[in-house]
Amino acid sequence: MPDSTYHAWPFFDDVHRALAHDIRDAAPGLALAADEPDVDIATRAAVRALGAGGWLRHVVPAAHGGARDRIDVRSLCLIREALAYRSGLADFAFAMQGLGTGAITEYGTDGQRARYLPAVLRGEAVAAFAVSERDAGSDIAAMQATSRSDGNGFVLNGEKMWISNAGIADHYVIVCRHPESGERGYAAFVLDAATPGLGISARMDMNAPHVLGTLMLDDCQVPASALIGSPGAGLRVALGTLDIFRATVGAAALGFARRALDEALAWCTSRRVFGQRLADMQLTQAKLADMALAVDAGALLVYRAAWLRDSGTARITREAAMAKLYATDSAQHVIDEAIQLLGARGVVAGSTVEKLSREVRALRIYEGTSEIQKIVIAGQVLAGYEAATAPGGGEAV
Ligand SMILES: Cc1cc2nc3c(=O)[nH]c(=O)nc-3n(C[C@H](O)[C@H](O)[C@H](O)COP(=O)(O)OP(=O)(O)OC[C@H]3O[C@@H](n4cnc5c(N)ncnc54)[C@H](O)[C@@H]3O)c2cc1C
């Protein structure tokens with residue numbers, strides 16, 4: 001049973017505590033829905049189960065049937081944590097319904113929200129978010145896919161790589177370069193999967209179950225109503241959407257780390273070596289202490305960022321970057337220590353901790369690599385320092 005003592009922290013209110021309790025009870029069933037060898041079928045089944053259970057109400061605002069007036073990041077984090085504790089695929093299915101509709105919720109028109117959100121909420125439509133390209137990952141501004149106006153709407157051309165849910169999504173939010181809006185102009189669109197000219201050119205097998213592929217845009221004609229936000233604002237739409245969900249990646253990492261810690265605790269309290277329980281050895285205790293510390297520190301950073309955002313702070317760039325960086329890096333270490341404590345059992349293919357080690361790895365890469373988070377944090381810290389020490393700007397050191 002995962003630790004729930006942190007639910008008493010002041011970041012949460014009673015609605016969150018009730019939600020955390022309910023999702024912890026529901027998570028084993030949701031994980032079961034995602035437990036199917038075919039990753040496409042498993043992802044769709046997980047999305048359906050999440051919709052049927054009402055969990056996707058948390059990725060949609062109340063005006064369209066959702067749980068809260070606006071997306072509540074603490075709720076997303078609590079749900080991701082509980083799902084990741086049981087199943088990386090169930091967590092990923094939940095996360096993508098949010099990431100794939102966040103741009104519509106935050107920047108879309110009422111017509112787009114009414115058209116796409118209800119089916120996503122019910123788990124009847126699968127969402128996707130396509131920004132990355134072969135030569136534009138960390139450096140997303142280097143993207144080459146383009147959009148141009150053609151009188152009735154827009155025409156999109158190019159390629160989008162590493163796209164979660166490619167091939168099974170019912171609609172895609174796609175961000176392209178939009179030269180008509182200037183050299184740094186980008187535009188975001190929402191495209192139905194059946195749009196002529198939109199295709200899947202490749203699928204990738206990942207180290208853990210995850211639907212991933214490459215999208216082709218070949219003279220893809222879309223109506224003006226597909227544009228999200230204004231032409232030219234695509235990068236702001238993409239970055240603003242990522243800003244909401246970045247801390248939730250840290251929450252998923254926490255779920256994996258908590259599971260690894262629980263697996264280690266169960267093993268260390270039962271395994272006997274040299275006439276003692278492993279848990280009675282001080283070297284083991286040092287490892288367990290470091291693992292627990294990493295989990296709590298990660299949770300403090302994740303829920304600080306989520307609470308700040310929910311409390312109305314417009315941008316949580318520094319806090320979300322810290323949460324994602326620390327929680328994902330430290331989760332990988334916690335899981336590796338759990339493997340070490342389990343000895344040979346820890347590296348048996350398919351064992352819980354071995355699966356966790358594969359599931360956690362991509363979290364340090366997607367939605368901004370660890371290195372990019374460090375660059376973001378340093379930029380924020382330096383800007384804060386320079387503002388505070390500029391003549392008339394604050395106190396000198
Ligand atoms: C499982 C998974 C799911 C994904 N899903 C999606 C999705 O749904 N939609 C989408 O658009 N994309 C998705 N991505 C793509 C993801 O966002 C990119 O992989 C990520 O942004 C990194 O880009 P890249 O892989 O091209 O690596 P690169 O940007 O080429 O980076 C390679 C290495 O260089 C480092 N690096 C880059 N810049 C610097 C720098 N300035 N200083 C120091 N080091 C640097 C990076 O940190 C990294 O270690 C997904 C990726 C994965 C693995």
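The bend at a residue is the angle between axes fitted to the seven residues ending there and the seven starting there. I applied this to a predicted model.

**Entry 1: helix 5**

I looked up the bend in helix 5 and found about 30° at Tyr116, with a proline, Pro118, following within four residues. I then checked the length of helix 5, which runs over residues 110–122. At 1.5 Å a residue its 13 residues should span 18 Å, and the end C-alpha atoms are 18 Å apart, so the two values agree. Just after helix 5, I noted that Gly123 takes a positive phi of about 80°.

**Entry 2: the buried residues of helix 5**

Which residues of helix 5 are buried? I recorded Gln112, Tyr116, Leu117, Val120 and Leu121. An α-helix has 3.6 residues a turn, so residues three or four places apart point the same way.

**Entry 3: helix 4 against helix 5**

I examined how helix 4 and helix 5 cross. Their axes come within 10 Å and cross at roughly 160°. Since angles over 145 degrees count as roughly antiparallel, helix 4 is therefore roughly antiparallel to helix 5. The crossing is left-handed. On the helix 4 side I listed Gln97, Thr101, Ile104 and Thr105; these meet Gln112, Arg113, Tyr116, Leu117 and Val120 in helix 5.

Most residues other than glycine have a negative phi. I looked up two residues that depart from this. Trp162 has a positive phi of about 65° although it is not a glycine, and it is found in strand 3 (residues 153–164). Trp162 counts as buried because it has 20 C-beta neighbours inside 10 Å. Asp219, in strand 7 (residues 212–223), has a positive phi near 45°. Asp219 is exposed, because 10 other C-beta atoms lie within 10 Å.

I repeated the length check on helix 7 (residues 282–310): its 29 residues should span 42 Å at 1.5 Å a residue, and its end C-alpha atoms are 41 Å apart, which agrees.

Lastly, I located Asp22 in helix 1 (residues 14–33). Asp22 counts as partly exposed because it has 16 C-beta neighbours inside 10 Å. The C-alpha atoms of Asp22 and Met206 are separated by 31 Å, the two residues being 184 residues apart along the chain.

Conventions: Residues numbered from 1 in each chain as written. Predicted model: local features only at pLDDT ≥ 70, side-chain atom pairs only at ≥ 80, totals over all residues. Helix = DSSP H or I, 4+ residues; strand = E, 2+ residues; numbered from the N terminus. Expected span 1.5 Å × (residues − 1). Buried ≥ 20, exposed ≤ 12 C-beta atoms within 10 Å, placed from the backbone. Axes fitted to C-alpha atoms, helices over the stretch in contact; angles between N-to-C directions. Parallel < 35°, antiparallel > 145°, perpendicular 65-115°, else oblique. Left-handed = near helix turned anticlockwise from the far one by under 90°. Contact = placed C-beta atoms within 7 Å.
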